[in-house]
Amino acid sequence: MTGTLTLIVLLPLLGFLLNGVLATQLGGNRVGKRFVTVVGCGLPLASFALVLQALAQLQSGDWKPLVEVAYRWALIGDSRFEIAFYFDRLTAVMALIVTGVGSVIHIYSVGYMAHDKSFGRFFAYLNLFLFFMLLLVLGRSLLVLFVGWEGVGLASYLLIGFWFDDLANARAGKKAFITNRIGDAGFLLGMFLLYHAVGTLDMDRINAAFNTAGGAVPAVSASLVGILLFIGASGKSAQIPLHVWLPDAMAGPTPVSALIHAATMVTAGVYLVARMSGVYLHAPEASAVIAIVGVSTAFLAATVALVQNDIKKVLAYSTVSQLGFMFLALGVGAYGVAIFHVMTHAFFKACLFLGAGSVIHALGGEQDLRKMGGLARRVPVTFTTFAIATAAIAGIPPLAGFFSKDEILWYAFASSRGGSVLLWGVAAATALMTAFYMTRLLWLAFLGTSRMTPEVEHHVHESPWSMTGVLVLLAGLSAVGGFIALPHFLEPLLPLPAVNEHLHAFETPLLVVSVVLAASGVALAAWLFGGDPARPAALRERFATAHRWLSGKYFVDELYERVIGRPLVWVSDRVFLRLGDRALLDGTLDGLAALGQRSAGWLARVQTGQLHLYAGLVLAGIVGALIWSWRHV
Amino acid sequence: MIDTLLRHLDSVLLLVFGVSALGCAALMLVARQPMRVAMALIATMALLGAIYGLLGVHFIAAFQVLIYVGAVMVFMVFTIMLLEVREDSAPRYSKLLLPGLAGFVLLLGALGISVWHALPAAGAPAAGAATPGFGISTFAASFVGEYWLHFELTTVLLLAAVVAALAVIRISRRAGDRQHHG
Amino acid sequence: MDKTQLLLGLALALFALGLLGVIVRRNVLVMLMCMELMLNGVNLSLVTFSQQAGTTAGAVLVFLIFVVATVEIALAIPIVLLLVRDKRTLDLGAYSDLKG
């Protein structure tokens with residue numbers, strides 16, 4: 001059936017329009033919560049069904065990619081720019097994640113935002129986000145992808161600052177958007193270079209141009225393009241140095257954090273690099289940069305997560321760290337493995353965030369870990385699902401995280417496209433820390449003695465089934481999702497890199513090492529936090545300086561403010577405002593006006609009202625005219 | 001000597017009348033009392049009339065004396081007498097005396113040179129003193145025949161003047177009322 | 001000197017004197033009389049040219065100037081009278097109501 005792809009993209013847009021107009025103050029709040037729920041959740045589910053149908057169509061068509069041209073955007077000379085949609089294996093995986101996990105998070109939001117006064121607006125924005133995200137993953141050309149890219153940035157801004165009455169939330173939204181835009185500068189430059197070299201922005205055609213047999217590669221440095229596109233990706237996917245917006249983005253409602261800042265939007269950067277694998281296969285320098293940035297981000301974010309006290313901030317830094325893992329995989333050429341990790345991460349991270357939301361809901365808004373504890377018996381479903389997801393992220397077999405993370409570690413070690421012991425070492429250390437801080441989170445929140453205030457403790461209750469049901473579903477997927485052999489599914493499209501011959505022997509030992517690391521991380525955290533609270537306190541005091549640095553997130557925000565923010569403000573104020581605008585522009589205009597006024601005042605002195613003067617001027621005029629005519633005639 | 005004088009009588013008379021007219025005009029600028037200025041002007045006009053007569057256009061000379069001296073200047077003298085103007089102490093000249101004099105000299109120079117250049121060569125034929133001039137019948141015929149349009153337009157102008165006079169009366173009456181009642 | 005040149009010179013001088021008088025003299029009535037002098041100068045030049053060329057055009061124009069001058073005086077003097085009635089002086093230096 002033609003038009004399926006267009007319909008997949010447009011259904012959430014319809015939801016945005018309906019809810020955005022009818023369910024908000026714009027349209028006069030005409031409809032109630034039931035309408036919003038049906039439209040807001042139903043349309044994404046319909047999109048999910050259509051994605052399944054498209055997948056079936058793809059399979060029956062021998063896996064030949066589906067292409068649909070929706071609209072011819074511009075025809076400039078010989079080049080045509082179209083809004084076209086493209087569906088192949090990679091798109092199928094991403095679209096399933098986006099619509100599937102997206103739909104269940106919509107359902108979760110029904111329960112979570114039930115008492116919010118802007119219920120309709122929330123679902124409108126969520127649907128808007130889905131629309132743009134689907135544009136992003138289904139787009140055929142980089143142009144359509146970029147529209148989706150910017151659109152999800154917009155939706156993210158709107159949703160982070162959803163409760164904009166608090167100025168801090170609005171500022172967080174602004175920070176996210178602006179940091180994204182900095183990355184977009186690189187993205188745009190990469191697009192310009194590609195268009196200049198290849199003559200088209202259609203991604204499949206670009207990949208084909210770079211992979212032509214005989215190596216007639218377009219006359220542009222693939223590494224340069226690769227690095228520029230990666231700058232864009234690092235803005236969107238919160239890699240160093242553009243990672244600063246993600247922790248602040250936790251100001252938004254928890255379903256937003258789950259959907260956008262864990263499962264889908266932040267993986268757009270990973271998707272971009274994977275999609276442009278044709279370029280990256282010929283760009284070893286760019287791939288090396290990606291791998292190094294990825295593993296550094298993973299390591300540093302994990303260190304920060306060790307000491308955070310806000311439940312959502314721990315998860316935020318964990319997300320940054322896991323994204324670093326994905327980029328590490330991309331950097332060593334294991335594109336399919338990175339997408340695999342995207343999928344498993346979507347399952348367990350969404351489950352963790354939604355679980356955190358459930359905890360916050362149960363505690364009536366409390367987010368500080370130091371005021372939690374002993375919740376396991378009070379909110380059992382939340383606790384169980386949270387524990388499963390924690391085990392998954394820690395890498396305990398046979399849960400999903402173990403499979404994807406282990407593959408990443410293996411290729412980091414053994415890939416012929418840049419794998420090395422150093423990369424593996426740092427990544428393994430990060431995996432150890434991941435297990436540690438996640439277990440710490442679990443323990444401090446749910447186990448041990450209660451540190452809650454009495455009135456909070458009195459009101460603790462399990463969340464409604466619209467929320468817990470989703471948690472159960474996601475926990476189940478975290479448990480069994482690893483058995484979906486995604487890298488092999490994607491292999492025809494994204495080939496796995498060759499492994500160095502002599503390293504084959506290390507495969508099983510490294511597997512064992514991964515399991516040992518995960519287990520020891522969990523055990524260490526359990527020992528440290530399960531017993532006497534004085535033990536972590538003593539540890540903190542012994543390493544006070546390190547603790548201060550980690551708590552302050554390496555003071556990156558302060559550094560940016562000092563080095564970039566303040567000079568820019570200074571230039572804006574001194575040069576542009578005072579010098580350029582006030583002195584130059586206003587001064588010129590005021591000066592011209594004053595000049596006109598003064599010269600008019602001076603000229604007006606001729607009008608004395610004295611007839612003698614006027615007659616005298618007549619005489620002078622006559623004399624002048626006569627002399628002139630006498631000389632010129 | 002008397003012979004030459006009588007032979008060139010009209011030229012001599014012309015010269016005499018011309019210089020006198022110029023003198024009287026200069027006197028106008030110098031005299032302090034307005035009445036004396038008026039007298040000087042009357043004298044100038046009369047001398048000009050004489051010059052017109054010498055030129056042969058007698059009817060214009062007649063009109064000059066009749067209209068200008070007889071109507072205009074009489075009205076002016078009447079006004080001076082009505083206002084009992086005696087300028088004994090008031091300043092005679094405005095602030096622009098010196099610039100005015102300088103401009104006067106320049107104007108004379110400029111006009112003189114322009115006219116000098118524009119004139120045909122001195123001694124043009126058939127423009128001597130022996131031209132008879134034309135009489136009133138010729139004048140009247142061309143006035144009403146060839147220049148009837150100008151005549152009619154002047155009539156309109158006179159009509160406008162009558163309307164203006166009426167307006168002035170009304171304004172002055174209204175101003176007078178406001179002064180009395182205000 | 002040619003008769004025409006003399007007469008034209010006289011006409012120019014009369015005109016210039018009249019204009020000078022308007023600029024220089026302070027009394028309103030004297031200024032009006034100087035304006036009459038200007039008109040006379042113009043009349044003289046017109047008559048000279050008319051007589052020289054032999055056409056009646058100049059003479060007609062002179063006659064019309066008589067008419068216009070009469071009308072002008074007939075209206076100017078009442079206006080002066082009205083002005084003087086308010087300001088009580090004939091000195092034109094005191095009339096600067098239209099200043100600026």
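This is a predicted model: local features need pLDDT of at least 70, side-chain atom pairs count only at pLDDT 80 or more; totals for chains, interfaces and linings use all residues.
Ten residues of chain C are in contact with ten residues of chain A. On the chain C side of that contact, five residues are nonpolar, three are polar and two are charged.

Next, the contact of chain C with chain B. Here 54 residues of chain C are in contact with 69 residues of chain B. Which helices of chain C supply at least two residues each to that side? They are helix H1 (3–24), helix H2 (28–53) and helix H3 (57–87). H3(C) gives the largest share, 19 residues. By class, the chain C side that touches chain B holds 38 nonpolar, ten polar and six charged residues.

Let me stay with H2(C) for a moment. It has 26 residues, and at 1.5 Å a residue they should span 38 Å; the end C-alpha atoms are 38 Å apart, so the two values agree. Is H2(C) largely enclosed or largely open? Of its 26 residues, 20 are buried, so H2(C) is largely enclosed by the rest of the structure. Just after H2(C) comes Gly54(C), with a positive phi of about 85°.

Now chain A. It has 26 helices and two strands. The C-alpha trace spans about 115 × 70 × 55 Å along its principal axes. Of its 633 residues, 50% count as buried. If we take the contacts in chain A with a separation of 6 or more, 80% of them are between residues 24 or more positions apart.

I have picked two helix pairs in this chain. As a reminder, two packed helices are described by the angle between their axes and the distance between the axes.

The crossing is left-handed.

Who meets whom? From H2(A) the residues are Thr37(A), Gly40(A), Cys41(A), Pro44(A), Leu45(A), Ser47(A), Phe48(A), Val51(A), Leu55(A) and Leu58(A). On the H3(A) side they include Ala92(A), Ala95(A), Leu96(A), Thr99(A), Gly100(A) and Gly102(A). Further along H3(A), the list also has Ser103(A), His106(A), Ile107(A) and Val110(A). By class, this contact has twelve nonpolar and eight polar residues, with no charged ones. On the spacing in such lists: an α-helix has 3.6 residues a turn, so residues three or four places apart point the same way.

The second pair is H17(A), residues 400–414, with helix H22, residues 507–530, of chain A. The axes come within 10 Å and cross at roughly 130°. That angle makes H17(A) oblique to H22(A). H17(A) passes H22(A) in a right-handed crossing. H17(A) contributes Asp406(A), Leu409(A), Trp410(A) and Phe413(A), while H22(A) contributes Glu507(A), Leu510(A), Leu511(A) and Ser514(A). The classes here are five nonpolar, one polar and two charged.

That leaves the backbone of the chain A loops.

Where are the cis peptide bonds I want to show? One joins Ile240(A) and Pro241(A), with omega about 0°. Pro241(A) sits in the loop between helix H8 (222–236) and helix H9 (245–248). Another runs from Pro397(A) to Pro398(A), with omega near -5°.

Trp63(A) has phi near 65°. Is Trp63(A) buried or exposed? It has 12 C-beta neighbours inside 10 Å, and the limit for exposed is 12 or fewer, so Trp63(A) counts as exposed.

Tyr554(A) also has a positive phi, of about 60°, although it is not a glycine. Tyr554(A) is in the loop between helix H24 (544–551) and helix H25 (556–603). With 14 other C-beta atoms within 10 Å, Tyr554(A) is partly exposed.

Conventions
Residues are numbered from 1 along each chain as its sequence is written. Chains are lettered from A and ligands numbered from 1 in the order in which they are written. Helices (H or I, at least four residues) and strands (E, at least two) are DSSP runs, numbered from the N terminus. Two residues are in contact if their C-beta atoms, placed from the backbone, lie within 7 Å. Ala, Val, Leu, Ile, Met, Phe, Trp, Tyr, Cys and Pro count as nonpolar, Asp, Glu, Lys and Arg as charged, and the others, Gly among them, as polar. Axes are lines fitted to C-alpha atoms, for helices over the stretch in contact, and angles run from 0 to 180 degrees between N-to-C directions. Angles under 35 degrees count as roughly parallel, over 145 as roughly antiparallel, 65 to 115 as roughly perpendicular and the rest as oblique. A crossing is left-handed if the near helix is turned anticlockwise from the far one by less than a right angle, and right-handed if clockwise. The expected span of a helix is 1.5 Å times one less than its number of residues.
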